[in-house]
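Please examine how the secondary-structure elements of the following model pack against one another. The account below treats helix pairs and a sheet in turn.

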Amino acid sequence: MEEFLNQCEQSGDAAYSALRSLLERLEDPTTRTDARIFLSELHKRFNSKEASERCLQTYHFQIQEIYLEQYEGFQKRKKLIMMVIPSIFVPEDWSFTFYEGLNRHPDSIFKDKTVSELGCGNGWISIAIAEKWSPLKVYGLDINPRAVKISWINLYLNALDDNGQPIYDGEQKTLLDRVEFYESDLLSYCKDNHIELERIVGCIPQILNPNPDAMSKIITENASEEFLHSLSNYCALQGFVEDQFGLGLIARAVEEGISVIKPLGIMIFNMGGRPGQAVSKRLFERRGLRVNKLWQTKAADTDISALVEIEKSGPHRFEFFMGLAGDQPICARTAWAYAESGGRISHALSVYSCQIRQPNQVKKIFEFLKNGLSDIRSSLDLSFEDDSVADEKIPFLAYLANVLKDISFFPYEPPAGSRRFRSLIARFMRTYHHIPLTADNVVVFPSRSVAIESALRLLSPRLAVVDEQLSRYLPREWLTTLDIEKTETGENSEEVIAVIEAPRQSDLMVELIKKLRPEVVVTGMAQFESVTSSSFEHLLDTTRDIGSRLFLDISDQFELSSLPSSNGVLKYLARNPLPPHATIVCSLLKNQVYTDLEVAFVISEEKEMFRALSKTLLAFQLADRRPPSQREGEKTSATEVNGFSSSTIQIFDDAELSINESDDSSLIHMDIDQSFLPITTPVKAAIFESFARQNITEAETDVTCGIRQLVSSTYGYPSDSNTDFVYADCPVALFTKLVLCCVQEGGTLCFPTGTNGNYVSAAKFLKAKIASIPTNAEAGYKLTEKTLTAALESVNKPWIYISGPTINPTGLLYSNEEITELLSVCAKFGARVILDTSFSGVEFNSKGFAGWNLEATLKKLSSSNPNFCVSLLGGLFFKMLSSGLKFGFLLINEPSLADVFHSFAGLSKPHSTIKYTVKKLLDLAEQKTGNLLDAIAEQTEILGSRYKQLKQTLESSGWEVLEAQAGVSVLAKPSAYLGKTVTVNKDDSSLEIKLDDKNIREAMLSSTGLCINSASWTGISGYCRFTIALEDSDFNRALDCITKFKSLFGN
């Protein structure tokens, strides 16, 4: 005994060394009994309060008795015997308040459960939990290695009696069976050892260390007593927004707890009330936990000057009370003044119990955030006052997290929209409304307005009757023309669709239909008429009898719910096929979380209508438990309905928009302007954050400043207060409105030979007057000053489309000198220029290209001819390599053109989440953030390598390849194959064809499964288009397809 005390007397470190040796004897079964008896004698020697305090001062340790019988319901031992040393946390008011809170739970809370205590100190709470509630296991964890050693000593002190014999409970277990202590930074021990917990309790530091450098030291048991003791009272910055309140360590503990706790687990934390009750609750609620305050008391405060300084620099107000009995909170500044005047101040001490709401989903969200996305944790907000909103948003965020975590690229989406989304809609209809639809009956649009306008343009009726609540989305000229009579040829003389507005009430609508005999009817249904199918059937019969096509909007009645309300239209479709002249339009409007997010779908059971709608160039290209219902045969048509013109069908064929694929299709797409390269981490983070945030301010979605800076720094395009910035969900949506402006002004839209086929087809579909400007091989199929001048001399009111700096699809670049020359020609003829930069931003072979600086040129040219103007069209698709993120912008510097542009309704504008994402990426680019710039550089290098591989493969397979410098398209001529007669398979039969630059697309597809664009699409005689931004395995398969085609037809 004396030898032990003499060693302890030397210093705190010496006392700890002696106690560590004692622990080794306790851990050894052969010396355990004697070691425990020694502890009993030591306790007896210092059993009074005065002796215990003297022992701490002299021998650097102390043995205390912690009485437990004061706590309600305690039926076992009345006290615990606990040892403490200066370098660990000494039990005080905080821990006793915390234990009081634990006692507020029912006795069953810890029974047979796996528990962890964070910041266990000397282990008394872990041991008390095991003693009172008989958990399966308690893991006491502390970052202080000395605390862990002392906790083990205390465990033996209470698990064995004074004679060193085990103390058994009613289940014949000792505390040694129920409790273990480990050195651990919060829950790292449990995470590393894959321990799933059912309860997590913690009383951990909530004050930032005034000396941050001290917290960066490596923690070992040989560290100074002062440093080790500070671990019990102070915490370091944790990288959470709650750090400003000293709650960063709690925030990290909660997030680590989410990862290791079982779905029905409970976390209980002691919380100091200085930051305020609202801040404390929000810490848990924004991470998806429900909070219950178990217990609260008050603790006295002393120096709070640091908190006064924090209040000075921000809007937050801390929460204190006057005296221990005060119930009205005061701020830190007031509390400081009161204390300086001799008053006593306090803050609340609370015990919070919390459980994860929708635990499986919340766990998925936090698992996703660990993958390099920790920076967006501060913006996560899973707190909801309305449970129905939480039930909608949390599962969606979990699904989004899974998608972004598991996929490396956004999959191919045909023009009809995501096949998965269409399948989900069809399955919902089968499951809840018993309508036997498939994905091939559903077409996706960004909104019902786009769907309705697309359908009307597709059918080009002489006269359409449209529900007055839907007509506001249509072009104004359609609603004002009085030309509703047929010409001798049966066509509207000016090719303007005449739209007559009609009331929604079905009997009045039917009367108008009978009198006017329109070719197309677009209407919704009043709520009282939608309950039964009679009104719908009346509309079907009436439109069938006169040969009208019917588009019925059910958006206001449709619910995506497992308990959908009665819907007469859907009841009818459960019994009968949808007649070929009828189409259902539905927009998902009843969204409680993202109220401004709209997506629409169209249902048609007529194959030709489905195909036509799915190829409509205004269409949006996104991201079963019952047997099929038995339905009655459809009624025969009384009158032939309005169909599609041959010119429209030819436009769709030339557009080469899509191949109708099955679910298990293995086609490879080198025929679309979409990137399948890996989605960069900054893009994933921005997308998820945009959906996870709540209460996003208008400033956080205002991309105008970023776009202004982007076009100025990249192209030198000038903008001022008169510049109109317009945004849409993709550049092509903005382009189509510009085409309509051209049509409205009576202009001629001029395309250089070798323009993106989708844009040319869009203009044809919108019935624009089109002129082709010839380009030649010597100039790389670029526009030149000479060819442009010659073309414009015979064009009235010219509109010029120029793709640049990267020319799509040739992949060449216009230099600053070249574009200046072209714009000078355009100004001479007073042309309106659409400068399309949406395919630019990826230059992989651009030696000598110095970029554009158009500011001085445009200012000079604009003053030379008032009719001349340049509208800049663009997107982030290539500039940021943002994969499936679709966003388009348009800058118009001519006020009169802007007025005409905005007269056309129905523009599909980007949702606030998209604009938030875009702004985030623009800000990162402006800050020259390494992660984003490195990812862009890496993917640009990949594209350069891909170009070289494809060029080599094509040339070795008999193709002539045009040199490319940028973008994702490569043009090549199938020289070795032209004129050859080959046999291909089509529609389960063999067909002999003579290969040319158009049917080679079909030959390549049928023989290898590779989709390319033919010369019909590129507009350059002999040349086909291949895109290179494919996923790795698909790109390698594409190269194999080209080689296979050579082996089949190259000899």
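H1 and H3 are roughly perpendicular to each other, a class that covers angles of 65 to 115 degrees, whereas angles under 35 count as roughly parallel, those over 145 as roughly antiparallel and the rest as oblique. Helix H1 spans residues 2–10 and helix H3 residues 32–45; they pack at an angle of about 65°, with their axes 12 Å apart. Here helices (H or I, at least four residues) and strands (E, at least two) are DSSP runs, numbered from the N terminus. Axes are lines fitted to C-alpha atoms, for helices over the stretch in contact, and angles run from 0 to 180 degrees between N-to-C directions. From H1, Glu2, Phe4 and Leu5 meet Phe38, Leu42 and Arg45 of H3, contact being defined as heavy atoms within 4.5 Å. Four of the residues in the contact of H1 with H3 are nonpolar, none is polar and two are charged; Ala, Val, Leu, Ile, Met, Phe, Trp, Tyr, Cys and Pro count as nonpolar, Asp, Glu, Lys and Arg as charged, and the others, Gly among them, as polar.

The model is predicted: local features need pLDDT of at least 70, side-chain atom pairs count only at pLDDT 80 or more, and totals for chains, interfaces and linings use all residues. Residues are numbered from 1 along each chain as its sequence is written, and side-chain values use heavy atoms, with hydrogens and water left out.

The contact involves Glu785, Leu788, Thr789 and Leu792 of H29 together with Glu821, Leu822, Val825 and Cys826 of H30.

The sheet is open and contains seven strands in the order S11-S17-S16-S15-S14-S12-S13, with mixed pairing; two strands pair if DSSP finds at least two bridges between them. Its edge strands are S11 (442–445) and S13 (498–502). Within the sheet, S15 (residues 549–553) and S16 (residues 582–587) pair in the parallel sense over four bridges. Helix H21 (residues 534–546) packs on the sheet and touches S14, S15 and S16, its direction making about 160° with that of S15.
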